[in-house]
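Please open the model in your viewer and keep the selection tool at hand. The tour below moves from one selection to the next and says what is to be found at each stop.

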Amino acid sequence: METVGAAAHEAATRVLLASYAAIPSGEPVRLAKRTSNLFRPRTATTTPGLDVSGLGGVISIDPEARTADVQGMCTYEDLVTVTLRHGLIPFVVPQLRTITLGGAVTGLGIESTSFRNGLPHESVLEMDVLTGAGEIVTATATNEHRDLFDAFPNSYGSLGYATRLRIELEPVPAYAALRHVRFSDAAALTEAAAAISVSGEWDGERVDGLDGTAFSPDELYLTLARWTDAPETARAGDRPSTYVDEIYYRSIQQRTTDLLTVEDYLWRWDTDWFWCSGAFGLQNPRIRRLWPRSKRRSDVYHRLVGLDTRLGIIARLDRLKKLPERERVVQDIEVPVERLPAFLEWFDREVGMRPVWLCPLRLREPDGPGSARTWATYPLEPGRTYVNVGFWGTVAVGPEAPDAPVNRAIEQRVHELEGHKSLYSEAFYDEATFDALYEGANLARVKKTYDPDDRLSTLYEKAVRRK
């Protein structure tokens, strides 16, 4: 992967604008994009979409300023390939290879550096956005388009699409040394996660990456990553591990320490889509040996899930086996750290899905304590630690169950615990509750400015009404 350069970016932008002009007046504006990391269905349309085929690269890197100009559809896999050559990575690299930079900013990516670096949009310096009016505007935190800059994160294309983003980068050495610290209950893990998120260390040692895995109510782990220059600086006995033939999440229970290259660490969850590859039999050693190594990727699994969603293969097989109907529960939620034990206790009782992923986060404080800024469309409190809980699977509900009872119950419980949930998957909020949670009035004001003819669907239409 090489940088594409400014001239190629300008040519791709012209193609994009021509594709916008080709969409009939009054018809909705959407991306013509083959791949997606969304887990919510969308209403089918025959209207041509925006041609973003030339917007998938890195435009340039400035190693001295530690910044990158990146096209909106560039995947983190391609972005990291370029930045690592300079010993740099984005402040936050979401777990899955094919998440795009524009998608992470407009849809809130997260990863183990989020306890110190916040979310991807917090390290964006400026961005070019194709608005619903068909114009490309450059938005920053201080220019005349700062209202768009502030509202863009978590807007999921309802305010436009980023064509170019200038982001900050941070230096990184070659390796990540890991410690898997076990806890016997959620309260103890919560106390440790809260302390690490504030101090940036554990047991006298710096922590650069922090996430967790809860296998059962009495078996939970925090994985602490420390950037290091050479294997010799890691603990004795560790050798660089890769998790393509082996399964990363199982190593958490089997090892107390580990050593990965930074690149392998960034994609440690992707090979098995956390633990969801088990749904395809890929954790069976015999099947795993037959499955090509190059196809052990989250985007491959996502396409298989999409195929099943369209054809209903698993549901038909379940009916033939006389198994109860199942509800898909694929969600990421965030609750204040002190509310985590209450959520997990409720979740175990009412949902019963394990393992679950845990990822602490705080709004970034670039200039020290008290320097965090807030973001209207996903309001988190400065100085407060939250924990993202990710759970992905299905739950038996039976044929007489109302529509999406488990997902609706999760939404209600998260709301009760002062939390939010990500909108990449299905949502069922009524419009008033949704607007209260995601600052609907502010979104409407910004959308009216940049999309006066309503060419773009609103966030509620996208997230709940599936447009």
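## A walk through paired strands and a pocket

Begin with the hairpin in which strand 10 is joined to strand 11 through two residues; strands here are DSSP runs of E of at least two residues, and helices are DSSP runs of H or I of at least four residues, both numbered from the N terminus. This is a predicted model, in which local features need pLDDT of at least 70 and side-chain atom pairs count only at pLDDT 80 or more, while totals for chains, interfaces and linings use all residues. Residues are numbered from 1 along each chain as its sequence is written, and side-chain values use heavy atoms, with hydrogens and water left out.

Select residues 209–216, which form strand 10, and then residues 219–228, which form strand 11: the two run antiparallel and are joined by seven bridges, where strands count as paired if DSSP finds at least two bridges between them.

Strand 10 has another neighbour to select, strand 14 (residues 356–361), to which three bridges join it in an antiparallel arrangement. Here Gly212 has Leu358 as its bridge partner. Strand 10 is mostly covered, with eight of its eight residues buried, meaning under 20% relative accessible area with a 1.4 Å probe and protein chains only.

Next, select strand 7, residues 175–183, where eight of the nine residues are buried. Strand 7 pairs with strand 11 in the antiparallel sense over nine bridges, and Ala176 can be shown opposite Trp227 of strand 11. Strand 7 is also joined to strand 12 (residues 257–261), again antiparallel, by five bridges, with Leu178 and Asp258 as bridge partners.

For the last stop, select Gly440, Leu443, Ala444, Lys447 and Thr458, which among 14 lining residues lie nearest the centre of the second largest pocket. A pocket is an open set of points on a 1 Å grid over the protein atoms alone, where a 1.4 Å probe fits, with protein on both sides within 12 Å along at least five of seven lines, and lining residues have an atom within 4 Å of a point. Its space is about 250 Å³, the volume being that filled by probe spheres set on the points, which are joined across faces, edges and corners.

Which helix gives the most to this lining? Helix 15 does, with five residues, and helix 14 (431–437), helix 15 (440–450) and helix 16 (459–463) each supply at least two.

Methods. Buried means under 20% relative accessible area, exposed over 50%, partly exposed in between (1.4 Å probe, protein chains only).
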